[in-house]
Amino acid sequence: MTARLPVFPLATVLFPGLVLPLHIFEERYRALVRHLMQLPEGAPREFGVVAIRSGWEVAPAPGRVVAGNGEVTLHEVGCTAELRQVTELADGGFDIVTVGRRRFRVEQLDRQAAPYLTAEVSWLPEPTGPDESANLLAARVIAVFRQYLGLMRPEAGQLTEQLPEDPTVLSHLVAATAALSVADRQRLLAIDDTAARLRAELTLLNREAALLRQVRAVPVPLAELATPPPGPN
């Protein structure tokens, strides 16, 4: 099953269930927000968020020269953002709050049909029903994630007490919260199976925790490492 969606390219990856606030200042995206607000009551007010592979998130200012042709290219998998709150600003812009809803694959982009990008998309499958392997992996991910957060922020104890028990929700939260690259997050978003996503997150969290431990094991301040040794007299 396919659908047509407005598309908002961003330099980030949105996951289902995660909150994404945005400041809308470009006219093409103001038009997108106005379009969503004018939809009939009960119609889904959502657009697709897709991470940028290359190019510019913001249209170059008139007269500005950019490398290449300046055209944005996108990753194939994105997530819809459901409009939850809109604040109209005096300059005509908007501050909006959205929540990630469902994953999709971009089948075909259209740069002509509207002032903003639109795309034909196909919905990606989401897990239904209990999955014993995902439940077991979720317990391991929670343990490793708590260790990782403790290395990142020792005061993160309260956050780790509120981790969701649902394996799919947990997998999306970890992917969005850990200090991962856009490429790592994009790979996690594209995984259809919750157990496979949790397995990949275990690998990434162990990698990041090992790097953090290595940095903490340096016996002298990092600033001193950047200072060249004194030369011979």
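**Exercise 1.** Which residues do ring pairs link into a cluster?

*Solution.* Rings of Phe, Tyr and Trp (its six-membered ring) pair if their centres lie within 6.5 Å; planes under 30 degrees apart count as stacked, over 60 as edge-to-face and the rest as tilted. Ring pairs join Phe8, Tyr29 and Phe47 into a cluster. The model is predicted, so local features need pLDDT of at least 70 and side-chain atom pairs count only at pLDDT 80 or more, whereas totals for chains, interfaces and linings use all residues. Residues are numbered from 1 along each chain as its sequence is written, and side-chain values use heavy atoms, with hydrogens and water left out.

**Exercise 2.** Determine how many aromatic pairs there are, and describe the pair of Phe104 and Trp123.

*Solution.* Step 1: the count by this rule is four aromatic pairs. Step 2: Phe104 and Trp123 are edge-to-face, 6.4 Å centre to centre with 90 degrees between the planes. Step 3: Phe104 belongs to strand E6 (residues 94-110) and Trp123 to strand E7, so the pair ties together parts that are 19 residues apart in sequence. Strands here are DSSP runs (E, at least two residues), numbered from the N terminus.

**Exercise 3.** Is Ala119 buried or exposed, and which residues does Ala119 touch?

*Solution.* Step 1: buried means under 20% relative accessible area, exposed over 50%, partly exposed in between (1.4 Å probe, protein chains only). Step 2: Ala119 has a relative accessible area of 0% and is therefore buried. Step 3: contact means heavy atoms within 4.5 Å. Not counting residues up to four places away in sequence, Ala119 touches Ala3, Arg4, Leu5, Val7, Val106, Gln108 and Leu109.

Technical notes
Helix = DSSP H or I, 4+ residues; strand = E, 2+ residues; numbered from the N terminus.
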